[in-house]
Amino acid sequence: MSDPLSNPDNSRLEAVHAYPGLFARLVSEWAAPVPEDRAWLLYAANYLLRTGGVRWALDPLSLCQRLPTAPVVDPSPLAALDYVVLTHRHADHLDLNLLRRLRDLPLRWIVPEFLLDPLQSLGLPPEKLILPRRLEPLALGRLTLTPFDGLHWEPAPGYPDGQRGVPALGYLAEFKGKRWLFPGDTRTYDATRLPAFGRLDGLFAHLWLGRSGALLEAPPLLDAFGRFCLDLQPGRIVITHLDEWGRTAAEQWTRTHARMAVAWFHAHAPGIPVHIAGMGDSLTL
């Protein structure tokens, strides 16, 4: 797929054209009866996961939520889901249309309390809801999820309390002796404001290099992003949150920006494997 930084219109058209086949392939791979722990990207930072034999989705989203010209896909293959896990209310993470179509499946929903109001229209049965409590582990079969407050806030003079952002949860996923961190969308790159997780097997890092900075030759927060990731002590880093086509060009992070981050990590921590992952990609955990 072409890089949206160089040709955003063509990239959108390519994504729309390829989406039905891409969705069918990745859901088929995810639902296959194999034991491998793996993650698939439904969109920029929206995941299907199979870990410890548990099938779950983190902020599941369909492309038509962000590109209205994209076809509506049949979500019935997602019937294999055990859990849907949600983080925050932004439109590139909370797809109410897709969630409504999953409502009657025999799965459970892990929903932060601050999302209960936006989800009221879904009419989710209370017995299917799990309300995560910060730093209280959730035992979900052979998967344990520990929720924590995300850092989806940035300094913004003129905003209430001088901050711009929304409440969000991140999750530490532990399975089969492995520990992977999902801090979610992050705007304050200060790892000391997160719990001390200790050594991690891997980190899913949502790329964001500064407000309206995507068209700059040197995005302002590249160093801050890199140091934040390293401070979390990951054994591997997966860079996501790319090609979010619902954004303006000045706010859209692409594989070009991800390659800048990879170069930074190679210069500052050459021993840590770094991967770039976008919609339709998958990787072994």
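Ala, Val, Leu, Ile, Met, Phe, Trp, Tyr, Cys and Pro count as nonpolar, Asp, Glu, Lys and Arg as charged, and the others, Gly among them, as polar. The exercises below concern a predicted model, in which local features need pLDDT of at least 70 and side-chain atom pairs count only at pLDDT 80 or more, while totals for chains, interfaces and linings use all residues. Residues are numbered from 1 along each chain as its sequence is written, and side-chain values use heavy atoms, with hydrogens and water left out.

**Exercise 1. The second largest cavity**

Task: State the volume of the second largest cavity, list its lining and sort the lining by class.

Solution. 
Step 1. Begin with the terms. On a 1 Å grid over the protein atoms alone, a cavity is a set of points where a 1.4 Å probe fits but cannot get out; a pocket is an open set with protein on both sides within 12 Å along at least five of seven lines; lining residues have an atom within 4 Å of a point. Grid points are joined across faces, edges and corners, and a volume is the space filled by probe spheres set on the points.
Step 2. The second largest cavity holds about 50 Å³ of space.
Step 3. Its lining consists of P183, G184, T186, Y189, L203, F204, A205, H206, F225, F228 and C229.
Step 4. Helices (H or I, at least four residues) and strands (E, at least two) are DSSP runs, numbered from the N terminus. The largest share, 4 residues, comes from β13.
Step 5. By class, the lining has 8 nonpolar, 3 polar and no charged residues.

**Exercise 2. Aromatic pairs**

Task: Describe the pair F182 and F204, then the pair Y189 and F228.

Solution. 
Step 1. A pair of aromatic rings is described by the distance of the centres and the angle of the planes. Rings of Phe, Tyr and Trp (its six-membered ring) pair if their centres lie within 6.5 Å; planes under 30 degrees apart count as stacked, over 60 as edge-to-face and the rest as tilted.
Step 2. A search of the whole structure finds 12 aromatic pairs. In one of them, the ring centres of F182 and F204 are 4.7 Å apart and the planes are at 10 degrees, so this pair is stacked.
Step 3. The pair links distant parts of the chain: F182 is in strand β12 (residues 178-182) and F204 in strand β13 (residues 202-206), 22 residues apart.
Step 4. F182 is buried at 4% relative accessibility, and F204 is buried at 1%. (Buried means under 20% relative accessible area, exposed over 50%, partly exposed in between, with a 1.4 Å probe and protein chains only.)
Step 5. Y189 and F228 form a tilted pair, with 5.3 Å from centre to centre and 50 degrees between the planes. This pair also links distant parts of the chain: Y189 is in the loop between β12 and β13, F228 in helix α3 (residues 222-231), 39 residues apart. Both Y189 and F228 are buried.
Step 6. F182 and F204 also belong to one aromatic cluster with Y47, W56 and W180.

**Exercise 3. T87 and the largest cavity**

Task: Locate T87, say whether T87 is buried or exposed, and relate T87 to the largest cavity.

Solution. 
Step 1. T87 sits in the loop between β4 (83-85) and α2 (96-102).
Step 2. Its relative accessible area is 6%, so T87 is buried.
Step 3. Contact means heavy atoms within 4.5 Å. Leaving aside neighbours within four places in sequence, the contacts of T87 include L58, D59, H93, P112 and F114.
Step 4. The side chains of T87 and D59 make a polar contact (2.5 Å). (A polar contact is a pair of N or O atoms within 3.5 Å; within protein, one must be able to donate a hydrogen and the other to accept it, and residues adjacent in sequence count only if both atoms are side-chain atoms.)
Step 5. Of the 14 residues that line the largest cavity, the closest to its centre are L58, D59, T87, G184 and H206.
Step 6. The lining of the largest cavity divides into 6 nonpolar, 6 polar and 2 charged residues.

**Exercise 4. The largest pocket**

Task: Give the volume and the lining classes of the largest pocket.

Solution. 
Step 1. The largest pocket holds about 200 Å³ of space.
Step 2. Of its 13 lining residues, H90, H152, R187, R211 and R247 are the closest to its centre.
Step 3. The lining of the largest pocket divides into 2 nonpolar, 3 polar and 8 charged residues.
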